[in-house]
Amino acid sequence: MKTWNRSIIWIIFLVVALGQLFPLIWLIDFSFMKSSDFFTSAVLKWPSSPEWTNYINAWIDGKFPEYLFNSVLVSATTIILTVIFSLLLGYAFTRMQWKLRGLFFSIILLGIMIPIHATLIPNFAIFKALHLTDTYLGLIIPYTAVSVPLGTFILSGFLRSLPKEIEESAVIDGCSIYQIVFRIIMPLTMPALVTIAVTTFISCWNEFIMAATFLSKDSLKTLPFSVMNFAGQYSSDYGSQFAVMVLTSIPAIVIYALFNEQITKGITAGAVKG
Amino acid sequence: MNMKITYRKVNLITTFVLMVGILAACGSDNTKEDSQSTGNKENKSVTLRLFSNQPDRKSGQGLAEQMVVDNYMKENPNVKIEVEAVGDEPFRNKQKAYMASNEPIDITMVHSGADLNTLIQAKFVTELNPKDYEGQNYNFFDGAFKSFTFDGKLYGLPRNSDYEIIYYNKKLFSDNGVKVPTTFNELIDAAKTFRSKDITPMSTNGKELWTFGLLFQDFAQRVNGDPNAILDAVDQKKSFTEDDSFLQTAKLMKQFMDVKMFQDAYMTADYGSSQNLFTQGKAAMWYMGSWEAGMASNEKLSADFRNNLGVMRVPLVEDGKGKATDLLAWNGGGYALTTSSIHPEEAKKFFDYMMRADQWAKAAWDTGAAVPAQKYQLTGKESEVQKQLTDILNNGTSMPGASFIDFGTPGFKDDVQNALGKFFAGTATSEQLIADFQAAAAKQKK
Amino acid sequence: MQKVLSNKLAIFLFVFPGILLFALTFLAPIVLSFYYSFTDTLGPGTKLTMIGFENYKQLLLHDSRFWRSLLNAVLLGLGFIILQHPVCILFAILLDRLGGKAEKIFRTIFFIPCVISVVVISRMWLNLMDPSFGMVNKLLDIVGLSSWKHAWLGDTSTALISLLFILIWSGFGWGLLFYYSGIKGIPEDLYEAAHLDGASGIKLHWKITVPLLSPVIAVQVTLAMITALKQMETVFLTTNGGPGDATQFLGVYLYNKAFSASQYGYANAIAILFIIVCLVATYLSNRFIPSENA
């Protein structure tokens, strides 16, 4: 009975896993095809001579290295800022004592619900007036602002579950508030901070509407936007379009593979405590 | 020890946060200084910004545009021209954002009609003097400024003569024994034959909806024989619902859907994918504009396709009042100068150079990218497609000079496109389509 | 302790940068939007007439596209809640029981689509669902369901469900991971105790796992509703709201009204209503879903 059950679970899992991966395999497979081979009747077909030119087009005309650099720079800065802001805000909202904290906490949490698309256009005008469009900061600031509410939410939940005794003894030892936050709280909340870092990474690495609206200099553009732009430039060359899509996906998958364990641990810890 | 290290960490982080703040402040100061200093040194070196909807710089109109830019930079080493080129849909959106924020671009591509009208109302584009563009250097066709002129003032110059034709694949027609249609019923029969052989009769870009607008206008003109009727209806000099020819046209469109004229996924097909279906030989026809003349000489496309590319006039409608030579022609795309330009004089110099008959018009024609809106010299090296296109234009009759969806406000265009979307998705009847047109026209006149 | 925790300067330093950032990217634009929503402007810089509540009146009373967008969001949200989340919970329970290396591998695979850019996902699925060369229809041919072949995203009757499918495909891993980690947090001895009482299988999980997961479920359901309302990128990149408004959503509608139709004042009125709807939806789902966490 038990083994029978187990095999059914295995079969279901294999089918779903295949369903999750197959589209990506298809994408990779077809990225090696000539556009004229796209209309084949085979589901998957390994071309007799893979079209490496697709990847050359994607790498050079798609300006992959430059866009990758921009994506890394913008994402890394956004992640660092989001983690710091979430930590500071989360701590101030859960532990520190001040009059308006309930009000401000609700205001920050509104950020989770407010659709960024609703504020996109006036945002552009405001950033323009502050000379922030067409700079890296022009992306980093809104990305951070969008990520901080969820980060604060995750961290406050986590903090509430932490006992206060550690901080109390730290105060008796003569630690200042800044030492408490960065020396004691930061290491303790590491699992939640990792979760915040990961969710922030995924959302800002893949964001494109703001990138498309706020940037015009080619030298600043990020990867998702390049996919769009490339689709316009090579509109009739599906193979090269697919190649640029594959290239864009690789860094995120690699990063995920590297941090897989921490991500799961972080979310598990966050969910259990929060 | 431990304590010290972490304390330093704290300091590092706070310094970092502070630095970001300072950088932000510096950033904004710098750009200000930059723009001022370049403003003063106009004679030394100037950077102009050209905003274009042609991201492909290696073929078609993008190539022609780049050739002119390169020519100018060669002749004027002190001028650097930065081209920002994005695909047409993102281009339209980004242009609105630039308009809203007075982005200092110098020369911009513009879509005539509704889009240009908005830019004018936002005072984003500069008024031009039509006298500057008379004579031998420019040689614009008569009436080419129509869609660029508002309240008697000119705000941009057209880059092409745009007119709709049907590109077709000669091989698919002859292999399947289909006669090239000259009438509506023959077109319907051709579609049936192709469908029975599992070939898509006609490819279209339904996601973007404007092609449906042109298709409707084209056939309306063939039904009622009057190119101005639909424009008058937009202006509400007559009503869409009272002139029966519009309803008749809608019923013709319904027939297209009944015989599955278009590819299966036509409602999600964008420009690129509809073109691809045709250039890969999967669709027999493509209803599109003269600006695609460059397909015949585009090396990226297979030789087999290029050799079999043909052009036909849009078929006549049996017992319609239109003539075979009637042409849905207008001037859609063009260029304009912006009011936000930092170097308005240098920008105008380049603009005047670019629009010369021996620059843009020649480059566009020589590369086979488009049919210019200016008189152009035949080189003798024209492709068969180019010759046919020239012929169609030279013999064209009853040209409306405007596309009806662009003839009103942008709000009107949006309403009409939405109505077309519902109709071609099969959720609205012919009667509803015409009623929606009428409502949209009445709304914008209010 | 008290003194340290009410250090005014520290509170200011902790809170101010975050609030400033928030004010800059959320509050200031909303105030501007609010102002523009009472005008008929084509865009900043053009002629501007105050027209009072005209835009709102038009939207609420005469704009069927606005209501269609809302309806689509509700349908999509229900789709998430009815289809995606139960499956996620089921898979989380099964995954937890699998154990060992396989558990880890499957968890990794299920999450991979989540890290892929929405631009890639949208373009990929647009191609996968293309009737002329997409994989979906070819697979149907192979399994003998040729009659099901279809222009999935291009047909008004299947566009929304196809969109839901794409979103479930790409969001499955997130939901799974959250429920999975919730289950990992349930102490083993609770199950043992229930076992001794004679509960097993589905009954066991219905009695123990699901109630204990309820805080996670509450948060996830709220997030699902918000995700559905905020849906924008995937739609924008696949159907652009079509065919014939079948997949119209507030974000797309507003973007097109502001940019393509140059009805900037009107678009801002949509934006304000959009925000209000999101806030009300959150409030309602918090209100009606019992959560021990609240």
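Helices (H or I, at least four residues) and strands (E, at least two) are DSSP runs, numbered from the N terminus. This is a predicted model, in which local features need pLDDT of at least 70, side-chain atom pairs count only at pLDDT 80 or more, and totals for chains, interfaces and linings use all residues. Residues are numbered from 1 along each chain as its sequence is written, chains are lettered from A and ligands numbered from 1 in the order in which they are written, and side-chain values use heavy atoms, with hydrogens and water left out.

**View 1. The annotated domain of chain A.**
An unreviewed UniProt entry puts "domain: ABC transmembrane type-1" at residues 68-259 of chain A. UniProt positions follow the numbering used here, feature names are shortened, and annotations may be inferred rather than shown by experiment. Helix makes up 80% of chain A over residues 68-259 and strand 0%, with the end C-alpha atoms 19 Å apart.

**View 2. A loop residue, A:Thr133.**
Look for A:Thr133 in the loop between α5 (116-129) and α6 (137-160) of chain A. With a relative accessibility of 10%, A:Thr133 counts as buried (buried is under 20% relative accessible area, exposed over 50%, partly exposed in between; 1.4 Å probe, protein chains only). Setting aside neighbours within four places in sequence, A:Thr133 touches A:Phe124, A:Phe127, A:Lys128 and A:Phe214 (contact means heavy atoms within 4.5 Å).

**View 3. Strand β9 of chain B and its partners.**
Strand β9 (residues 283-289) of chain B has 7 of its 7 residues buried, so it is largely enclosed by the rest of the structure. Strand β7 (residues 162-169) of chain B pairs with β9(B) in the antiparallel sense over 5 bridges, and here B:Tyr167 sits opposite B:Trp286. Two strands pair if DSSP finds at least two bridges between them. Strand β8 (residues 200-203) of chain B also pairs with β9(B), in the parallel sense over 3 bridges, and B:Ser203 stands opposite B:Trp286.

**View 4. An open sheet in chain B.**
This open sheet has 5 strands in the order β2-β1-β3-β12-β6, with mixed pairing. At the edges are β2 (79-85) and β6 (157-158) of chain B, each with a single partner strand, so one side of each is left without a neighbour in the sheet. Strands β3 (residues 107-111) and β12 (residues 333-337) of chain B run antiparallel and are joined by 5 bridges; B:Ile107 stands opposite B:Leu337.

**View 5. Aromatic rings.**
The whole structure holds 72 aromatic pairs over all chains. One of them, B:Phe216 with B:Phe437, is edge-to-face, at 5.2 Å centre to centre and 90 degrees between the planes. This pair links distant parts of the chain, with B:Phe216 in helix α7 (residues 210-224) and B:Phe437 in helix α16 (residues 430-445) of chain B, 221 residues apart. Rings of Phe, Tyr and Trp (its six-membered ring) pair if their centres lie within 6.5 Å; planes under 30 degrees apart count as stacked, over 60 as edge-to-face and the rest as tilted. B:Phe216 is buried at 0% relative accessibility, and B:Phe437 is buried at 1%. Ring pairs also join a cluster that includes B:Tyr167, B:Trp286 and B:Trp330.

**View 6. Where chain B meets chain C.**
Chain B brings 24 residues to the contact and chain C brings 30 residues. About 2200 Å² is buried between chain B and chain C, 56% of it from carbon and sulfur atoms. Buried area is the accessible area (1.4 Å probe) that two parts lose on being put together, summed over both. Between chain B and chain C there are 2 salt bridges, including B:Asp414 with C:Lys257 (2.8 Å, N to O). A salt bridge is a side-chain nitrogen of Lys or Arg within 4 Å of a carboxyl oxygen of Asp or Glu.
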